[in-house]
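Hello,

Here is the structure for you to take over. Please open it alongside this message; my notes follow below it.

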Amino acid sequence: MDVEVAFARPDRQEIICLQVEEGTTAVEAVRRSGITAVFPEIDPEKDDMGIFGKVIKNPSSHELRNGDRVEVYRPLKIDPKQARHNRAKKKA
């Protein structure tokens, strides 16, 4: 099966294509992709992941399908509600 593993920072993004066997999980694909060598801040065991923008609840047991793109998500620096509140304060 062909899958992709993606990660992005504000300054750089990377999408790595790889072939995996049927039954491969999202976490296994991230490990096999070697993306942690490019972005050492990635922790496949702890970071949130998704497939095409939909969050995976348990990446270590989520089996991939042909054509899936596993996205590794960075932790939020600020709560979105707080960010909106801060922006509204600046405008006022």
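**Hairpin and sheet**

S1 and S2 are joined by a hairpin of 4 residues. Please keep in mind that this is a predicted model.

S1 covers residues 2-8 and S2 covers residues 13-19. The two run antiparallel, with 7 bridges between them. Ala8 has Gln13 as its bridge partner in S2. Phe7 is opposite Glu14 in S2. Ala6 is opposite Ile15 in S2.

S1 also pairs with S5. Here the strands run parallel, and 3 bridges join them. Val5 has Val70 of S5 as its bridge partner. Ala6 faces Glu71 in S5.

S5 goes on to S3. That pairing is antiparallel and has 3 bridges. Ile51 has Val70 of S5 as its bridge partner.

In what order do the strands of the open sheet stand? The order is S2-S1-S5-S3-S4, five strands with mixed pairing. S2 and S4 are the edges. Each has a single partner strand, so one side of each has no neighbour in the sheet.

**Overall layout**

The chain has 3 helices and 5 strands. From the N terminus, the elements read β-β-α-α-β-β-β-α. The radius of gyration is 16 Å. The globule rule gives 12 Å for 92 residues, and the chain is well over that, so it is more spread out than a compact globule. The C-alpha trace spans about 55 × 25 × 20 Å along its principal axes.

Some totals for your records:

- Buried residues are 33% of the 92 in the chain.
- Of the contacts with a separation of 6 or more, 47% are between residues 24 or more positions apart.
- The accessible surface is about 6500 Å², and carbon and sulfur atoms hold 48% of it.

H1 lies across S1, S2, S3 and S5. It runs at about 105° to S2.

Which residues have the most contacts inside the largest nonpolar core? They are Val5, Val30, Ile35, Ile42, Met49, Leu64 and Val70, in a core of 19 residues. S1, S2, H1 (26-33), S3 and S5 (69-72) each give at least two residues to this core. H1 gives the largest share, 4 residues. As background, nonpolar side chains tend to be buried together in soluble globular proteins.

Leaving out residues up to four places away in sequence, Leu64 touches Met1, Val3, Thr24, Thr25, Ala26, Ala29, Ile51 and Val70. Val70 is also among the core residues with the most contacts.

**Two loop residues**

Is Pro44 buried or exposed? It is buried, because its relative accessible area is 13% and the cut-off for buried is under 20%. Pro44 sits in the loop between helix H2 (35-38) and S3. Residues up to four places away in sequence aside, Pro44 touches Val27, Val30, Arg31, Thr36 and Met49. Two of these contacts, Val30 and Met49, are also listed among the core residues with the most contacts. Pro44 and Gly34 are 10 residues apart in sequence, and their C-alpha atoms are 11 Å apart in space.

Phe52 is the other one. Phe52 lies in the loop between S3 (49-51) and S4 (54-55). Its phi is near 50°, a positive value in a residue other than glycine. Why does Phe52 count as partly exposed? Its relative accessibility is 46%, which falls between the cut-offs of 20% for buried and 50% for exposed.

That is the handover.

Best regards

Conventions: Residues numbered from 1 in each chain as written. Predicted model: local features only at pLDDT ≥ 70, side-chain atom pairs only at ≥ 80, totals over all residues. Heavy atoms only, no water. Buried < 20%, exposed > 50% of the residue type's maximum accessible area, 1.4 Å probe, protein only. Pairing = 2+ DSSP bridges. Core = buried A, V, L, I, M, F, W, Y, C linked by side-chain atoms within 4.5 Å. Contact = heavy atoms within 4.5 Å. Axes fitted to C-alpha atoms, helices over the stretch in contact; angles between N-to-C directions. Rg over C-alpha atoms; globule rule 2.2 N^0.38 Å. Areas by Shrake-Rupley, 256 points an atom, 1.4 Å probe, with all protein chains shown as cover.
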